[in-house]
Amino acid sequence: MLSKQIFLTAFGMIFTNFTTTLRITLPIFLVGVLVPYVFARMMWGNGDIVWNGTSGTVQDPGIFPILFVVLVMTVCFIAMIVLWHRHNLLPATQTRPRSFPPVSAVKRYILVSLGLGLVLGLLSVPAGFILFLALKLLSGITQLPPAFYLVLFVVLTTVVLSVVMRWSLILPAAAIGAPLTMGNAWRMSATASRSILFLAVAQGILYFLLEFVGGRIAEVIPGLATITSLIVLWFQMLFSAALLTALYAHLIQNTEETPVPATRPYLGPQS
C-alpha cells in the first residue's frame with residue numbers, strides 16, 4: 001500500500017542515518033530557537049516568553065520585537081526544511097550538508113508558501129460560509145448531538161489536510177528549483193488521493209500521540225517542558241517535510257513530466 005510505503009520511507013529518511021539528519025537540521029533549528037531566546041532575555045529578562053507567551057511579570061514586548069522574533073524563527077525553520085528537501089531530492093553530488101541553503105531557494109520557498117496560504121485562505125471563506133449555513137439549517141430541523149460535531153471536525157480536518165498535502169507538493173519542488181503549479185500537483189497526485197487521505201489520518205494520530213506524551217512528560221518533570229516541546233516541534237516539522245519529500249519523489253520526480261535532474265536511488269539521507 002502506497003500510504004504505508006510513504007509513511008515508513010519518511011521515518012527511514014529521518015532515522016536510517018540519524019547522525020546525518022541531526023548534522024543537517026539541528027544547527028539551523030537551534031539558531032531559530034536560541035537567537036529569539038537570547039533576544040527575549042536581553043530585552044525583557046525572560047527568554048521563556050518566546051515559548052510560553054507574556055506573563056504578568058513581563059511588560060508588553062511591543063509589536064516590532066515580536067515581529068523580529070517571529071521572522072528569525074520562521075526563516076530558520078523554513079531553511080531547515082529547504083535543506084531537508086534538497087538533501088533528499090537533489091543528486092548526491094549536490095547535497096553535501098550545508099549550514100544554510102541557497103538564499104534563492106529559501107526566498108522561492110517562502111513566496112510559494114505565501115501563495116499557497118493565500119489560496120487556502122481565499123477558499124476557506126466561502127467553504128466556511130457554506131458549512132455554517134448547512135449546520136444552521138440542519139440544527140433547525142433536528143437536534144444534533146455533541147458527538148456529531150466531534151466527528152464532523154475530525155472528518156473535515158482529515159479531508160482538508162489531505163487536500164493541503166496534495167497542493168503542498170509545490171513546496172519541495174520550489175526547494176530544489178523545479179517549479180510546479182498547484183494544478184499540476186493536484187493532477188499528478190490524483191492517483192494517490194486515497195493513500196494521501198490515509199497519510200493525513202496517520203499523521204494526525206502520530207502528532208496527537210506526540211503531543212499527549214510530551215504533555216505527560218511535562219506534567220511529571222516540569223523542568224523538561226520546554227525541551228520536550230522543542231523536540232516535538234523539531235520532529236513534527238521534519239516528519240511533515242519528509243512525507244512531502246517522499247510523495248514528491250514517488251509521484252512527480254520519478255515521472256517524465258517534470259524536468260528535474262536525474263537523482264540517486266531514493267533511499268533517504270546519505271552521509
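Start with the whole chain shown as a surface. Its accessible surface is about 15100 Å², and 72% of that belongs to carbon and sulfur atoms. Keep in mind that this is a predicted model.

**The whole chain**

Switch to a cartoon view. Of the 271 residues, 39% count as buried. Take the contacts between residues at least 6 apart in sequence: 75% of them join residues at least 24 apart.

**Colour by confidence**

Next, colour the chain by pLDDT. The average for the chain is 84, and 85% of the residues score at least 70. Which helix has the lowest confidence, and which the highest? The lowest is helix H3 (residues 49-52), with a mean of 63, and the highest is helix H7 (residues 170-175), at 95. Now select residues 256-271, where the pLDDT is below 50. Beyond near neighbours in sequence, this stretch has 42 contacts in the model. Where pLDDT is low, the predicted coordinates should not be read in detail.

**Helix H10 and the core**

Select residues 225-253, which form helix H10. H10 has 29 residues and reaches 40 Å from its first C-alpha to its last, close to the 42 Å expected at 1.5 Å a residue. Is this helix mostly covered or mostly open? H10 is mostly covered, with 21 of its 29 residues buried.

Now show the side chains of Leu169, Leu180, Phe239, Leu243, Leu247 and Tyr248. These residues have the most contacts inside the largest nonpolar core, which has 63 residues. Helix H10 supplies the largest share of this core, 16 residues.

Centre the view on Leu243. Leaving aside neighbours within four places in sequence, Leu243 is in contact with Ile6, Phe7, Ala10, Met165, Leu199 and Gln203.

**From Leu243 to Gln203**

Move on to Gln203, one of the contacts of Leu243. Gln203 lies in helix H9 (residues 193-220). Why does Gln203 count as buried? Its relative accessibility is 7%, and the cut-off for buried is under 20%. Show what surrounds Gln203: apart from neighbours within four places in sequence, it is in contact with Phe7, Leu161, Met165, Ser240 and Leu243.

**A salt bridge in H9**

Stay in helix H9 and select Arg216 and Glu219. A search of the whole structure finds one salt bridge. It is formed by Arg216 and Glu219, whose closest N and O atoms are 2.8 Å apart. Side chains of opposite charge can pair when their charged atoms come close. Arg216 and Glu219 are separated by about one helical turn, because they are three residues apart in H9. An α-helix has 3.6 residues a turn, so residues three or four places apart point the same way. Arg216 counts as partly exposed, at 33% relative accessibility, while Glu219 counts as exposed, at 56%.

**Helix H6**

Select residues 146-167, which form helix H6. H6 has 22 residues and reaches 32 Å from its first C-alpha to its last, close to the 32 Å expected at 1.5 Å a residue. Show Thr158, Ser162, Met165, Arg166 and Trp167, which are buried. What do the buried residues of H6 pack against? They pack against helix H5 (103-141), H7, helix H8 (182-188), H9 and H10.

Then pick Tyr149, which is also found in H6. Tyr149 counts as partly exposed because its relative accessibility is 37%. Not counting residues up to four places away in sequence, Tyr149 touches Ser139 and Leu144. For a distance, click the C-alpha atoms of Tyr149 and Leu135: they are separated by 9.6 Å, and the two residues are 14 apart along the chain.

**Last stop: Thr25**

Finish at Thr25, found in helix H2 (residues 18-44). Thr25 has a relative accessible area of 0% and is therefore buried. Which residues does Thr25 touch, not counting those up to four places away in sequence? They are Met80, Trp84, Trp234 and Leu238. Thr25 and Trp84 are 59 residues apart along the chain, and their C-alpha atoms are separated by 7.2 Å.

Technical notes. Residues are numbered from 1 along each chain as its sequence is written. This is a predicted model: local features need pLDDT of at least 70, side-chain atom pairs count only at pLDDT 80 or more; totals for chains, interfaces and linings use all residues. Side-chain values use heavy atoms; hydrogens and water are left out. A nonpolar core is a set of buried Ala, Val, Leu, Ile, Met, Phe, Trp, Tyr and Cys residues joined through side-chain atoms within 4.5 Å. Buried means under 20% relative accessible area, exposed over 50%, partly exposed in between (1.4 Å probe, protein chains only). Helices (H or I, at least four residues) and strands (E, at least two) are DSSP runs, numbered from the N terminus. Contact means heavy atoms within 4.5 Å. pLDDT is the predictor's confidence in each residue, from 0 to 100. Accessible areas come from the Shrake-Rupley method with a 1.4 Å probe; for residues, only the protein chains shown count as cover. The expected span of a helix is 1.5 Å times one less than its number of residues. A salt bridge is a side-chain nitrogen of Lys or Arg within 4 Å of a carboxyl oxygen of Asp or Glu.
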